[in-house]
Amino acid sequence: MTADSGTHTGRGDAHPPVSPRTPELVLCAVDEPLATAWTAAVEKLPGRVRVHRGSVLDVVAQAVVSPANSYGWMRGGIDAVYARAFPEVEQRVRSAVLAFHGGELPIGEAVVVPTGEAEPAWLISAPTMREPGELLPADTVHPYLAARAVFLQWRDGQLDDGPVREHVGTIAMPGLGTGVGGVAPATCARQVAAAWDEVFGNRYPR
């Protein structure tokens, strides 16, 4: 099963279950600079957002975020960790990218694939770079675009048996572009916060 942010399946006259206004977002960091940046960003965000100091795979979550490249290769950084933990997930990402996007997933889009595990059951692939190992410029907005794609996928995406938001209550997110991409932790945190506020901020009173 896959989901694509541009694919919306109607449910006829059926009334879907009431879903929460946002997922729970767990921002993960294994190093202190990113943890500090996440913590500063969380203080200003509405909704269910918290920081976890440690591995993304230590979080109880239904979905994890892969800050991948546009081709779905998962050979470095946190993607390599995912590939070891979920042996079939790289091929599933690459198959979804081929099926929905002709082999190249644009930055600003995301796909959802099953991990093959009970928890996390889903991986949301949202590229932060086009080519594997690409060093991003200091003025990049790719963390914002990737985070926004993740949040829109949760809000609007469809799986084979219903909306993503009905299957995913908690999303665990590592730094986006902060490893191989070279994005400063504060830049990443600021852009992820901006994406969250854009997609979900209007669901809460100011």
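In helix H5, the residues Thr 187, Cys 188, Ala 189, Gln 191, Val 192, Ala 193, Ala 195, Trp 196, Val 199 and Phe 200 are buried. Buried means under 20% relative accessible area, exposed means over 50%, and partly exposed lies in between, with a 1.4 Å probe and protein chains only. Helices (H or I, at least four residues) and strands (E, at least two) are DSSP runs, numbered from the N terminus.

The model is predicted: local features need pLDDT of at least 70, side-chain atom pairs count only at pLDDT 80 or more, and totals for chains, interfaces and linings use all residues. Residues are numbered from 1 along each chain as its sequence is written, and side-chain values use heavy atoms, with hydrogens and water left out.

### The chain as a whole

The chain has 5 helices and 9 strands. Read from the N terminus, their order is β-β-α-β-β-α-α-β-β-α-β-β-β-α. Of the 206 residues in the chain, 50% are buried. Contact means heavy atoms within 4.5 Å. Among the contacts with a separation of 6 or more, 69% are between residues 24 or more positions apart.

H4 is itself mostly covered, with 11 of its 15 residues buried. Among the buried residues of H4 are His 142, Tyr 144, Phe 151 and Trp 154.

| Helix | Length | First to last C-alpha | Expected span |
|---|---|---|---|
| H4 | 15 residues | 21 Å | 21 Å |
| H5 | 16 residues | 22 Å | 22 Å |

In soluble globular proteins, nonpolar side chains tend to be buried together. A nonpolar core is a set of buried Ala, Val, Leu, Ile, Met, Phe, Trp, Tyr and Cys residues joined through side-chain atoms within 4.5 Å. The largest nonpolar core has 43 residues, and Phe 151, Ile 171, Met 173 and Val 192 touch the most other members. At least two residues of this core come from each of E2, H1, strand E4 (63-66), strand E6 (122-125), H4, E9 and H5. A second, separate core has 18 residues, including Val 56, Ala 61, Met 74 and Phe 86.

Which residues does Ile 171 contact, leaving aside its neighbours within four places in sequence? They are Pro 23, Glu 24, Leu 25, Val 26, Ala 63, Val 65, Ile 124, Val 150 and Trp 154.

### The pockets

A cavity or pocket is found on a 1 Å grid over the protein atoms alone: a cavity is a set of points where a 1.4 Å probe fits but cannot get out, while a pocket is an open set with protein on both sides within 12 Å along at least five of seven lines. Lining residues have an atom within 4 Å of a point. Grid points are joined across faces, edges and corners, and a volume is the space filled by probe spheres set on the points.

The largest pocket holds about 590 Å³ of space. Its lining has 31 residues, and Pro 67, Gly 77, Ile 78, Gly 175 and Gly 179 lie nearest its centre. Strand E2 (24-29) and helix H2 (77-85) are the elements that give two or more residues to this lining, and H2 gives the most, with 4 residues. By class, the lining has 16 nonpolar, 12 polar and 3 charged residues. Here Ala, Val, Leu, Ile, Met, Phe, Trp, Tyr, Cys and Pro count as nonpolar, Asp, Glu, Lys and Arg as charged, and the others, Gly among them, as polar.

Gly 179 sits in the loop between strand E9 (170-173) and H5. With a relative accessible area of 55%, Gly 179 is exposed.

Helix H1 (32-42) and helix H5 (185-200) each give at least two residues to its lining, and H5 has the largest share, 5 residues. The lining of the second largest pocket has 7 nonpolar, no polar and 3 charged residues.

### Two further sites

Glu 90 is in helix H3 (residues 89-101). At 15% relative accessibility, Glu 90 counts as buried. Leaving aside neighbours within four places in sequence, Glu 90 is in contact with Gly 72, Trp 73, Met 74 and Arg 75.

A cis peptide bond, with omega about -5°, joins Glu 119 and Pro 120. Pro 120 is in the loop between strand E5 (111-114) and E6.

How values were computed: The expected span of a helix is 1.5 Å times one less than its number of residues.
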